[in-house]
Amino acid sequence: GDRDPSSGETYEFPPRPSKLSFPEMTMDQLAEASIEDGPIGMARSLNRKVSSLSPAVAREIVAVAGLSDERIYVGPHETERLKLLWRGPSDTMALITERVWTPSLGLDENGTPIILSALHISSSLAPQTVRCESMSDAIERFYLARAAAELAKKRETDVRRALSEELKRLEKLVANLWKDAAVSDQEEEFRQYGDLLTANLS
């Protein structure tokens, strides 16, 4: 590769990633996110700053910190907000380190699972949450529901395709019937022309 040293050269270590590692980050490193003026900006800042952090997890950290409400940003000073914000990742890391799992599913408005988590899911990420008996139970319920939803979507696609094809067939049939109707309207006229041609030929 580009960093392979030639004979006599010293190996150069790859550059450190520009984003923070979630398990290694400190409260001071979250200072930039804590000065945002709302939960959306704070979650986006976390997502930009911390590696392997999805937008959903960033929103969850803000929610766990109790910073989801816009009104909170009028009150607490940035230092207080930083302490609150730090509570999210520090509590999450403590649960992961101690293996305190709360298998949960986040459901959409129709009750379809959209989030699978080993930890509790806040209401900011999903309209409904369900706690499962075990991680196996959560995984099974999540993927069975996903498979059912995909099957239903495939059936809907198949039905739409069949209806579209039938509609095209019927439109073609109607067009042909109109042509036939136009020809039948002129049938008497064509018969008279035929009689005249026959009379002139004989």
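The legends below describe close-up views of a predicted model.

**View 1. Overall arrangement of the protein chain.**
The secondary structure of the predicted chain consists of six helices and three strands. Read from the N terminus, the elements follow the order α-α-α-α-β-β-β-α-α. The chain has 202 residues, and 23% of them count as buried.

**View 2. The largest nonpolar core.**
This core has 18 residues, and those touching the most other members are F22, L46, L53, V62 and L85. At least two residues of the core come from each of helix 2 (39–49), helix 3 (55–64) and helix 4 (78–97). Apart from this core lies another one, of five residues, including L107, C132, A138 and F142. With neighbours up to four places away in sequence left out, L53 touches F22, L46, N47, A58 and I61. Two of these contacts, F22 and L46, are also among the residues of the largest core that touch the most other members.

**View 3. Helix 3 and its packing.**
The buried residues of helix 3 are A58, E60, I61, V62 and A63. They pack against helix 2 and helix 4. Among them, V62 is one of the residues with the most contacts to other members of the largest nonpolar core. E60 belongs to the lining of the largest pocket, where it is one of the residues nearest the centre. Just after helix 3 comes G66, whose phi is positive, at about 75°.

**View 4. S45 in helix 2.**
S45 is found in helix 2. Its relative accessible area is 2%, under the 20% limit, and S45 therefore counts as buried. Not counting residues up to four places away in sequence, S45 touches E32, A33 and E36.

**View 5. E80 in helix 4.**
E80 is found in helix 4. At 38% relative accessibility, E80 counts as partly exposed. In sequence, E80 and S34 are 46 residues apart, while their C-alpha atoms are 8.9 Å apart in space.

**View 6. The loop between helix 4 and strand 1.**
R99 lies in the loop that joins helix 4 to strand 1 (104–107). The phi of R99 is near 55°, which is a positive value in a residue other than glycine. R99 has a relative accessibility of 63%, over the 50% limit, and so counts as exposed. W101 is found in the loop between helix 4 and strand 1 as well. With a relative accessibility of 38%, W101 is classed as partly exposed. Leaving aside residues up to four places away in sequence, W101 touches I96, A118 and L119. W101 and S134 are 33 residues apart in sequence, and the distance from C-alpha to C-alpha is 8.7 Å.

**View 7. The largest pocket.**
The volume of the largest pocket is about 460 Å³. Its lining has 22 residues, and E60, T92, S117, L119 and H120 lie nearest the centre. Helix 3, helix 4 and strand 2 (113–117) are the elements that give two or more residues to this lining. By residue class, the lining divides into 14 nonpolar, six polar and two charged residues. L119, one of the lining residues nearest the centre, is also touched by W101. E60, another of the residues nearest the centre, is among the buried residues of helix 3.

**View 8. The aromatic pair.**
The structure holds one aromatic pair. F142 and Y143 form this pair, with 4.9 Å from centre to centre and 85° between the planes. The angle is over 60 degrees, so the pair counts as edge-to-face. F142 has a relative accessible area of 5% and is buried, whereas Y143, at 48% relative accessibility, counts as partly exposed. F142 is also a member of the five-residue core that lies apart from the largest one.

Key:
Residues are numbered from 1 along each chain as its sequence is written. This is a predicted model: local features need pLDDT of at least 70, side-chain atom pairs count only at pLDDT 80 or more; totals for chains, interfaces and linings use all residues. Side-chain values use heavy atoms; hydrogens and water are left out. A nonpolar core is a set of buried Ala, Val, Leu, Ile, Met, Phe, Trp, Tyr and Cys residues joined through side-chain atoms within 4.5 Å. Buried means under 20% relative accessible area, exposed over 50%, partly exposed in between (1.4 Å probe, protein chains only). Helices (H or I, at least four residues) and strands (E, at least two) are DSSP runs, numbered from the N terminus. Contact means heavy atoms within 4.5 Å. On a 1 Å grid over the protein atoms alone, a cavity is a set of points where a 1.4 Å probe fits but cannot get out, and a pocket is an open set with protein on both sides within 12 Å along at least five of seven lines; lining residues have an atom within 4 Å of a point. Grid points are joined across faces, edges and corners, and a volume is the space filled by probe spheres set on the points. Ala, Val, Leu, Ile, Met, Phe, Trp, Tyr, Cys and Pro count as nonpolar, Asp, Glu, Lys and Arg as charged, and the others, Gly among them, as polar. Rings of Phe, Tyr and Trp (its six-membered ring) pair if their centres lie within 6.5 Å; planes under 30 degrees apart count as stacked, over 60 as edge-to-face and the rest as tilted.
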